[in-house]
Amino acid sequence: MQTYFQKGLGLKAEVAPLLDQDYGSNVIARLRELGYAAEAGGLTIRLAREFGFCYGVDRAIEYAYEAKRRFPERRLFLSGEIIHNPSVNQNLRDMGFTILEDGRDPQKRYAPVAAEDVVVLPAFGVTVEEMKHLRAIGAVLVDTTCGSVLNVWKNVSKYARDGFTVVIHGKHYHEETRATASQALLHKGGAYLCVRDESETEVVCDFVRGRVGREAFLASFAPAVSEGFDPAVHLERIGLANQTTMLMSESLKVQELLRRVYLERYGEAGLAERFRSFDTICSATQDRQDAVLRMFEETPPDVMLVIGGYNSSNTQALVRICSAKCPTYYVESPECIDSGTGALRHRALGSAVSETVEDWLPKGAPNVTLGVTAGASTPDSVVAKSIERILASRGARASDLRAVGSPADPGSGVS
Ligand code: SF4
């Protein structure tokens, strides 16, 4: 019997209506028809032209639905959250999936899994060690690792094979980065280092320049390097990759800082021998970041709402872009919006606690433009419900949405 599925389970057509019912939205379809902008309730709502579910997430969820259909009698597990969206994960729990706790020790993490079970692996992949462990159990594996992540793995593996230390611009604790880092260790002598941002990259640069010592370096990167990492040895030759969902502009900056320091230290000839890079931001992440930047160029909103899981890296990147341009509110689900008072429970970037604001949308002011975008793991249905709640707080309904500049229907009840 086949126990490994990487290209779906042949039930795409059967699950399509279910996916549409659970995650699609007529409201979003209508907004798209209206050119991604519409008015109602004294608000102009502008949707970014690219937002929400990416191709990798679409596929991962589809495979999970197919697994449920193909193996209705078996126990179903998800190796951690399939994507970083609470409503999608809850929906999968309601369908009977058990979401395994995150953890670095495969023995512990997969302790509840037996050979006759089905395990769905997430879009951001699992580590080499976890995969080995799961294969040894013999469970049915439905691997939804995104093609863009597999592409990063291919490059990382090549770096390691050629004797380059893999430097990943990413969060060392993020599942995708952990999985990517594990690929570097497949080759003898392979090593990795994760840098989160420009300031961490500066520490690496300072080591190369001889301004930071070995101990200070290791103290800064203790949980973010492979075992036995010695900067004096492992920073001799580096190959750059990034977590697919980072802020593109930051990844480019990290790349440039490192390229410059290797050029400075080793000259042109040395640079070619010691420094490699490859842009591994996925196109879906980039499209979503470009779409908000385009919105700010063309029709800048007064206020921005970004919807997505608080642990979603690509959503955080969108929040960073928007907050630099206008007041921006980051919410995880429609429930963060009070449809009666319009109060909003949101979270500042990097904060672990939410706070409530009452007057984030000036009620009396005419022509308020609200920009809306959502991370790659947020379904249309969640974006639509959020918009509906905002409209309800202003006495309007989604059915009142009309093309910008067109007269309101007198019977629509629009305030
Ligand atoms: S964000 Fe990019 S890499 Fe991640 S699942 Fe989506 S398409 Fe794939």
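Predicted model: local features only at pLDDT ≥ 70, side-chain atom pairs only at ≥ 80, totals over all residues.

Student: What makes β14 and β15 a pair?

Tutor: Two strands pair if there are at least two bridges between them. β14 and β15 (residues 354–357) have four bridges, in the antiparallel sense, and so they pair. His346 stands opposite Glu355 in β15. The two strands form a hairpin with six residues between them, and Gly350 in the turn has a positive phi of about 85 degrees.

Student: And which strands make up the open sheet with parallel pairing?

Tutor: There are four, in the order β9-β8-β10-β11.

Student: Why are β9 and β11 called edge strands?

Tutor: Each of them, β9 (192–195) and β11 (275–277), pairs on one side only. On average, neighbouring strands of this sheet are turned by 20 degrees against each other, direction ignored.

Student: How do you know that β10 and β11 pair?

Tutor: Same test: at least two bridges are needed. Three bridges join β10 (residues 238–242) to β11, so the pair qualifies, and the strands run parallel. Gly239 stands opposite Arg276 in β11. There's also helix α8 (residues 175–184), which lies across β8 (165–169), β9 and β10 and runs at about 170 degrees to β8.

Student: What makes you say that the buried residues of α13 line one face?

Tutor: The buried residues are Ala284, Thr285, Arg288, Gln289, Ala291, Val292, Met295 and Phe296. Looking down the axis of α13, they fall within an arc of 150 degrees, so they line one face of the helix. On the other side of α13, Glu297 and Glu298 are exposed.

Student: What do the buried residues of α13 pack against?

Tutor: Quite a list: β3 (43–47), α3 (55–70), α12 (248–274), β12 (303–307), α14 (313–323) and β16 (368–374).

Student: Now the rings. Why is the Tyr23 and Tyr65 pair described the way it is?

Tutor: The structure holds ten aromatic pairs. In this one the ring centres are 6.0 Å apart, within the 6.5 Å limit, so the rings pair. Their planes stand at 70 degrees, over the 60 that marks edge-to-face, so that is the label. The pair links distant parts of the chain, Tyr23 in helix α1 (residues 12–23) and Tyr65 in helix α3, 42 residues apart.

Student: Are Tyr23 and Tyr65 buried or exposed?

Tutor: Buried means under 20% relative accessible area. Tyr23 is at 7%, so it counts as buried. Tyr65 has 4%, so Tyr65 is buried too.

Student: What about Tyr262 and Phe275: why is that pair called tilted?

Tutor: The planes are 40 degrees apart, and the centres 6.1 Å. Under 30 degrees would be stacked and over 60 edge-to-face, so 40 degrees makes the pair tilted. Tyr262 is in helix α12 and Phe275 in strand β11, 13 residues apart. Tyr262 has a relative accessible area of 0% and is buried, and Phe275, with 10%, is buried as well.

Student: Which residues do ring pairs link into a cluster?

Tutor: Phe207, Phe217, Phe221 and Phe229.

Technical notes: Residues numbered from 1 in each chain as written. Heavy atoms only, no water. Buried < 20%, exposed > 50% of the residue type's maximum accessible area, 1.4 Å probe, protein only. Arc of directions from axis to C-beta. Contact = heavy atoms within 4.5 Å. Axes fitted to C-alpha atoms, helices over the stretch in contact; angles between N-to-C directions.
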